[in-house]
Amino acid sequence: MTDQELLSQLKSGNEECLGQLYAHLGMVKSWICRNNGNEEDALDVFQEAIIVFYKNVISGKYEQRSKISTYLFEISKRQWLNQLNRRKRHEQPREANGFESKFEEELIYEVTHRGPRLKDYLGRAMSRLGEPCKSLLETAIFLGMRMEDIAERFNYSSARSASQQKLRCLKKLRSSISYEDIIALEQ
Amino acid sequence: MIEDLKYIALIDKYLRGTLAPSEKDEVEELMHHNPDFAKEVRVYEKIYEGITKKEKAELKNRLRKYYKEYQENQETPTSDRPNGRYRRLFIYSGAIAACLIIGGAILLFNQYGPSTSNTEPTVVDVDTTSTMKTDSIFDLDEGKLVEENKLDNPDIDRVQDNDNLVNRENTDGLQKHDSVQNPNTESEVQLAIGGYKTLPSRAVRKYQSSRSLSYTFHDGVFKLYGRPLMGKLEALSLRILKNKESGYFLKYKNDYYDLEKTKRRLPLIKVDAKRNNKGVNTLFNRPIKSVPSQEEVTVNIVGVQNASTVLSELLVRFDNDNSGEQTYFFNKEERQLELIIQADLDLEKAMVYRVEEAGRYYYYLVQDSQIYALDEDAKDATPLVTVDITTNRLARLFITREPIKTVVYEER
């Protein structure tokens with residue numbers, strides 16, 4: 001699949017095409033492995049890069065100035081350098097096994113936050129909300145899709161009516177959420 | 001709770017950072033003097049944060065799934081088979097098209113050649129016969145060309161089949177390394193990227209001699225895989241036999257192997273008296289007497305390209321921009337071995353092989369017919385030296401071999 005085809009597939013809602021991008025994982029892997037990282041790190045960083053790329057494509061922020069592979073490599077590189085800097089600052093001795101440290105983070109989280117997580121709370125609220133509001137809000141808020149594109153994908157007559165629909169959905173979602181509950185959720 | 005859509009719109013814009021300057025003032029005002037509004041902003045902030053986190057986590061899960069699917073697709077060559085077949089079809093049709101063009105050119109040459117090359121209107125007999133002669137040579141050449149096309153192309157095809165795990169895109173990307181320059185990167189990073197070109201991973205291969213032999217046999221071409229070092233004499237001694245029941249056999253070093261017509265690579269299995277297949281007993285009771293038949297066959301000893309696999313542990317970089325001595329050195333890093341070459345290499349043609357024999361590694365750089373032996377212990381720039389094939393046995397792996405034309409022998 002060419003870059004052009006991939007972009008148009010993604011824009012038309014064929015998210016599975018993101019899998020094709022893993023063809024570029026190799027270069028990120030070899031670079032990260034040569035810069036104090038391991039394969040696990042590379043996979044994490046690359047996944048983040050795909051998400052950034054995908055959001056930018058959907059929100060119209062992505063400008064095709066270079067090949068997608070170059071773009072992904074750039075983002076991955078920046079992300080990894082940031083992570084390295086963060087590690088340096090915190091002087092955290094790094095586990096040889098990335099999995100272990102992640103497991104520990106998880107454990108720390110479980111100990112300090114006994115209550116439900118914000119994302120789970122929202123997940124339940126969103127499924128109560130039902131379609132098309134659920135998909136519409138997800139696409140608008142997480143992917144940052146433009147209202148013109150939302151109107152097209154969700155079959156609204158104009159960007160304006162899509163915006164109105166989004167606000168109505170937000171209002172509906174808000175009405176199912178109590179202020180005290182959501183503020184108490186820390187993460 | 002604020003239910004007015006106008007306020008929700010303001011909050012939405014505020015959270016997305018898309019407020020117009022006039023709206024900004026309005027929101028500031030509301031935040032300060034309307035506690036309800038401020039409360040709402042906090043709620044929506046949480047909502048946006050929650051949706052983003054939830055969606056990101058879900059997308060990550062889906063990406064993991066896509067990655068798995070991608071890996072599975074890379075690992076199962078069966079799904080590629082039809083493609084491979086189509087590719088072959090394209091190559092064949094290309095070869096046919098080329099023949100037609102050449103044929104056409106010859107025809108044109110035939111018709112107009114003599115008249116344009118010979119301005120004399122009176123043509124003597126001797127002259128015309130001589131042009132006829134050159135024409136027949138052209139015809140011969142054309143025939144040879146067809147033959148070569150047919151033999152070579154499936155080979156190229158094979159290499160690609162072998163390389164299912166290597167992704168072309170991937171290697172494309174690797175080559176782009178040097179163009180990816182980030183002004184913000186640290187010096188160590190710059191070093192790692194360097195100004196060098198990286199050899200695509202499909203061109204960095206390892207070869208380990210294997211005991212098992214395999215073959216394909218179809219359309220009058222027999223290809224033997226697994227013996228890239230086989231010499232010409234040995235190859236000439238290979239004999240394809242056909243017994244009275246029209247079963248095919250291969251005779252190799254006094255052993256007989258079952259053959260069947262196959263486009264898929266099959267292992268060569270020694271004929272076993274116990275299995276008693278294809279009238280094998282006749283072979284075992286007495287040495288087979290055979291005579292050449294009319295059936296032509298081309299024997300092709302498949303070279304190291306197809307017998308090798310991608311070597312991911314080695315990264316090969318090279319710098320073309322040099323006019324001085326051609327040198328190389330190895331750079332051992334913690335996880336990766338790097339080979340840095342200063343030489344005029346062609347990104348499309350250069351190959352680096354690691355040959356494993358008796359537990360030792362031997363490295364070779366090959367481009368066209370040039371073969372260089374590389375010393376893994378060369379830590380400083382070392383001149384590239386071409387290899388003497390008569391003394392370096394392993395280097396013979398890289399000699400291109402001509403297919404051998406022979407016939408099938410029939411049991412008398």
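Buried area is the accessible area that two parts lose on being put together, summed over both. In this predicted model, the area buried between chain A and chain B is about 5400 Å². Carbon and sulfur atoms give 66% of that area. Three residues of chain A stand out. A:Arg34, A:Phe142 and A:Arg174 supply 13% of the area that chain A buries against chain B, more than any other three residues.

The contact between the chains can also be counted by residue. On the chain A side, 62 residues take part, and they are in contact with 54 residues of chain B. Between chain A and chain B, 10 residue pairs are in polar contact. Seven helices are named here for chain A: helix 2 (25-33), helix 3 (39-58), helix 4 (68-90), helix 6 (118-129), helix 7 (133-142), helix 9 (159-175) and helix 10 (179-184). Each supplies at least two residues of the side of chain A that touches chain B. By class, that side of chain A has 26 nonpolar, 17 polar and 19 charged residues.

Side chains of opposite charge can pair when their charged atoms come close. Over all chains, a search of the whole structure finds 24 salt bridges. Across the interface of chain A and chain B, the rule finds 6. Several of these pairs involve helix 3 of chain B.

A:Glu15 and B:Arg62 form one salt bridge, at 2.6 Å from N to O. A:Glu15 lies in the loop between helix 1 and helix 2 of chain A, and B:Arg62 lies in helix 3 (residues 35-75) of chain B, so the pair joins two chains. A:Glu15 counts as buried, at 13% relative accessibility. B:Arg62 is partly exposed, with a relative accessible area of 27%.

A salt bridge also links A:Glu48 and B:Lys56, with the closest N and O atoms 3.0 Å apart. This pair crosses from helix 3 of chain B, where B:Lys56 sits, to helix 3 of chain A, which holds A:Glu48. A:Glu48 is buried, at a relative accessible area of 17%. B:Lys56 is partly exposed, at 28%.

A:Arg174 pairs with B:Glu40 in a salt bridge of 2.7 Å, N to O. The bridge runs between chains, from helix 9 of chain A to helix 3 of chain B. Both partners are buried: A:Arg174 has 5% relative accessibility, and B:Glu40 has a relative accessible area of 3%.

A:Gln165 is buried, with a relative accessible area of 17%. Leaving aside neighbours within four places in sequence, A:Gln165 is in contact with A:Cys133, A:Leu136 and A:Tyr156.

An α-helix has 3.6 residues a turn, so residues three or four places apart point the same way.

Helix 1 of chain A is followed by A:Gly13, whose phi is positive, near 95°. A:Gly13 is found in the loop between helix 1 and helix 2, the loop that also holds A:Glu15. A:Gly13 is partly exposed, with a relative accessible area of 37%. A:Gly13 and A:Ile58 are 45 residues apart in sequence. Their C-alpha atoms are 9.1 Å apart in space.

Chain B has 412 residues, of which 39% count as buried. Its secondary structure comes to 10 helices and 18 strands. Among the contacts in chain B with a separation of 6 or more, residues 24 or more positions apart account for 63%.

Conventions: Residues numbered from 1 in each chain as written. Chains lettered and ligands numbered in written order. Predicted model: local features only at pLDDT ≥ 70, side-chain atom pairs only at ≥ 80, totals over all residues. Heavy atoms only, no water. Contact = heavy atoms within 4.5 Å. Buried area = accessible area lost by both parts, 1.4 Å probe. Salt bridge = Lys/Arg side-chain N within 4 Å of Asp/Glu carboxyl O. Polar contact = N/O pair within 3.5 Å; in protein donor to acceptor, adjacent residues only side chain to side chain. Helix = DSSP H or I, 4+ residues; strand = E, 2+ residues; numbered from the N terminus. Nonpolar A, V, L, I, M, F, W, Y, C, P; charged D, E, K, R; others polar. Buried < 20%, exposed > 50% of the residue type's maximum accessible area, 1.4 Å probe, protein only.
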